Amino acid sequence: MVRVRRSQAREGLTPVMFQILLALTDGDSHGYAIMKSIEERTGGDMELGAGTLYRSLKQLMDQDFIAEVKPRTVVHRQRRSYRLTPAGRKLARREAEKLAGLVEWARSADLLDPHGA
Amino acid sequence: MRRLLRALLRLFPRSFRGRYGEQIEDFLAERTAEVRRRDGVMGVARLWLVNAGDLVRAAVAEHRIERRRRHRVPTGRAPGGTGRDLRYAARMMRRDPGFALVVIGTLALGIGSTTAVFSVVRGVLLQPLPYPEPDRLGIIRTSNPPNMFPLSLVDVLAIETQQTAFDHVAAFFSRGVTFNDNDIADRVAARYVTADFFSTLGEPMALGRGFAPGDDAVGAPRTVVVSHGFWRRYLAADPNVVGRSVRLDGDEHTVIGVLPPETGPLERDFDVFPIADLPEPTRKGPFYWTAVVHRSPEWTAEAAQEQLHQINDRIFPIWQASWQQASATWALQDLREYLVGRTRGTLVLLLCAVTFVLLVGCTNVANLMLARATDRTNEIAIRAAMGATRSQLSRQLLTEALLFAALGGGVGLLLAEGGVRALRALGSEYIPRLNEVALNGGVLLFTLGITVAAGLLFGVAPAVTSQAHLIGGNLTSGTTRVTESRGRRAARRAFVVLQFALTFPLLFGAGLLLRSFAELEGVDPGFDASNVVTLRYSLPTAQYPEREDINRFWDQAAERIGSIPGVLSVALSDSRPPRESPDWNNFDLEDTPTPPGAAQPVSPWVTVSPEFFATLRVPLLRGRFLGQADREGAAEHVVVDELWQEHHFPGGDAVGKRFLEGGCTGDACPRVTVVGVVGIVKFAGLDNSEVGVIYYPAGRGPNRTMHFFVRAAGDPAALVPQIRAELRALDPTLPVTAVATARDLMGAALQQPRYLATVVALFAVTALLVAAVGIYGVMSYFVQRHWRDIGIRIALGGAPQRVFGSVVGQGMTLVAIGSAAGVAASLALSRLVAGFLFEVSPADPMALAAAAAFLGSIAAVACCAPAYRASRVDPVAALK
């Protein structure tokens, strides 16, 4: 019997989720900041809509890859911060390794400039 | 902006909205401020466009997850269960009450009328008779194909003594008798029965006892069983009535029993059941008895029938002198068939007609539902986007359809209740057992069945065609006109075709019946019906025992009535045209005798006084009329009509010809001589032109029941009180009955065909109107959808008349296809009405053409309104 691992849960890890996990590796952050961070990192290629962002956050929370952090200030009561859980960090690492493997494979197939990317 | 966002957030499941709603609002506010600083208004617009789409997609995805999550809960009820579907359907109904009213009204009419007619069919044709062991009850009559007629006393006695197939055998005949009690003198309906009558039927008594063996023996005291109604009306509901004496036709009868208030159909409509005398017969005839039998359980109907044939063959040689028709035998018939068989055709025809109306109604509702489904495309698309699966959406649409059907069925049931009451009031003259008709369990089950069938019929189409819409995601903004899918358009057109295909046979049937009715109305009854009134009078044996007493009374009565001012002439007859001739008799022509064993010819024998022909203005064609001298003297003289002459002496002269009367054979039999030929008067029904009539002079025999025919100078009805007064002066104990003008008699003869034609025509017109509404709706929608195309066509110089023509043409193509199918169906179904037609072929081209023309013109009118709107399209407005 094959045990289904969390990372292979039905929804799978979408690129947006991976980006969110990466954004949170730098420390706790709220929705808007996560979006800004992703936008900067991708050079504006990935522009997240509110719906996609919060849906992805919800899914990651539901699977315990991230957790909500109690707001520290009362200025933005509705603004909530998110933090990477150990499981989330592990998942991000595994995903990064998988991508690195893919990149290596693409490079060996001469698909990539050896100095690029 | 804030409002738009709120609206978009409302698309999400509540749990998601609660958790992230505020965060999303905050996120977008911050983002908007940033983009406005950076890219200005255009940037903000782009941002919101992108985010709106993103939010909708996210909402759809969240709903899907939500649903899956709930489905995984094993004990949880599926979302959108029946209760929720129903609540939703009720909400949709309240939102559009006009639509709901039309749909429920159409269904209620269809279901209500179908239920009413079905309850009659069930009560009359299908339900067992209200007797114990009704399947074993039968009727025996003489069968001499193609005729069926009653038995003679010889037959009754032979069956009673020789059969072994039946537990009980009884016999009866019916006639009116006069009931006298002090100053009361009323004509009541009597059924004379043999002793075993009530035990054969298994009918219990409310008071006293039924007859016992021996009560009908010669010389036994006269006894009578009375109906509950008679007991209440005339005997003051006296609980000690048993043993009391009542006078019927001048003879005292002892009451031995009272029937219960509800009886079976053989006793219903009769007031008294006197015991019949069974004297030793001297010949086989006359024929007025009917036998009713209760078959033994070990005998099949076929075996019993076979035994009857054997007994009949056995007694035939004994009575051959008075009865030589070897082809005649006894037929055992199911009692129910005997009672209701004649009405089967009418009821089945009505049930078919009303079912067609229901189908046309259902089709129309299906069409309306489809149109509404198109209007609701947005709503359905949103529901689909919010995670409703196809099966859920279909179930929702079906639930709505069934809710409509249930309401329609409920209202229809109320209408049916009223309809049954109306049918019972109107049709009791033509339809037996009507008082057994009720909306009972079986009928309710039927209504439930047709309601569900109707709901499925008009609910499935919108549910099926709605599927096509869900595929591409049809979430358009509210301002864009939603167009009809190809499948749905085809379905609506198919429905219109079907409606006309169903309507056509109804119109054709109505056309046939109306044509037949017109033919019947145009039949010449052969006499002048204006200013003539008729009255019936009977002379009981007790008061008028001899022929001389009877003749004296009739002579005096005619004289007294003739002396009333305003009376032109008075005649007497035992029959009333156009359809009452109680005495049919066989005869044998001297010139062309019937070979032994073959059936002798039969004719109505109408007994008349000499003034009959003058009073009814019947022309003499040959010879002479009957005179006063013909009722005395040894020679028997008769007058025949032209039809009789044509039938028996084609092209020749019947005057002077002779024949033997009614089954008498041998040289000793008196010869009857024809002395005159008169014009044809209808006595066997307006639709019967088969048999000629023999007119026999009144006064030769004891003519106890006669009709006065009084021709007046003015209004004949005004003379009735004076006529009554004159008759009362002659005998105060006897009642006058059956008062009717000759015009009333004509009207009564036409009543049933008129009734049937009217009802079927009513159904047909209803169906046509519904179908017309259907084609109007489809063509209106067509014009609305092609508004712009039509505008372009007109802008490019298309003539409005041609636009008009093309729209009408489109509609009429559907009508033509439907009608073509309808013609085929009509010809296949026309045998249902064939039995009701007079002088009209069931494939009558006139009726076919009339139905097509009527249907076509109404449909054309229905197409004209949308076509006219199309021809008036303003190209500028349409192209904006």
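Predicted model: local features only at pLDDT ≥ 70, side-chain atom pairs only at ≥ 80, totals over all residues.
Student: How many salt bridges does the rule find across the interface of chain B and chain A?

Tutor: The rule finds 7 salt bridges across that interface. Over all chains the count comes to 44 salt bridges.

Student: What area do chain B and chain A bury between them?

Tutor: About 2,300 Å², with 48% of it on carbon and sulfur atoms. In terms of residues, 23 of chain B are in contact with 26 of chain A.

Student: Which parts does the salt bridge of B:Arg536 and B:Glu580 tie together?

Tutor: The closest N and O atoms of B:Arg536 and B:Glu580 are 3.9 Å apart. B:Arg536 belongs to strand 13 of chain B, and B:Glu580 to the loop between strand 14 and strand 15, so the pair links parts that are 44 residues apart in sequence. That loop also holds B:Pro578, and a cis peptide bond joins B:Pro577 and B:Pro578, with omega about 5°.

Student: What describes two packed helices?

Tutor: The angle between their axes and the distance between the axes. Take helix 2 (residues 31-41) and helix 3 (residues 50-62) of chain A: their axes come within 11 Å and cross at roughly 110°. Helix 2 and helix 3 of chain A are therefore roughly perpendicular to each other. On the helix 2 side, A:Gly31, A:Tyr32, A:Ile34 and A:Met35 meet A:Leu53, A:Tyr54 and A:Leu57 of helix 3. By class, this contact has 6 nonpolar, 1 polar and no charged residues.

Student: At what angle do helix 13 and helix 20 of chain B pack?

Tutor: Helix 13 (residues 486-521) and helix 20 (residues 800-829) of chain B pack at about 45°, with their axes 7 Å apart. That angle makes helix 13 of chain B oblique to helix 20 of chain B. Their crossing is right-handed. The contact of these two helices has 15 nonpolar, 5 polar and 1 charged residues.

Methods. Residues numbered from 1 in each chain as written. Chains lettered and ligands numbered in written order. Heavy atoms only, no water. Axes fitted to C-alpha atoms, helices over the stretch in contact; angles between N-to-C directions. Helix = DSSP H or I, 4+ residues; strand = E, 2+ residues; numbered from the N terminus. Parallel < 35°, antiparallel > 145°, perpendicular 65-115°, else oblique. Left-handed = near helix turned anticlockwise from the far one by under 90°. Nonpolar A, V, L, I, M, F, W, Y, C, P; charged D, E, K, R; others polar. Contact = heavy atoms within 4.5 Å. Buried area = accessible area lost by both parts, 1.4 Å probe. Salt bridge = Lys/Arg side-chain N within 4 Å of Asp/Glu carboxyl O.
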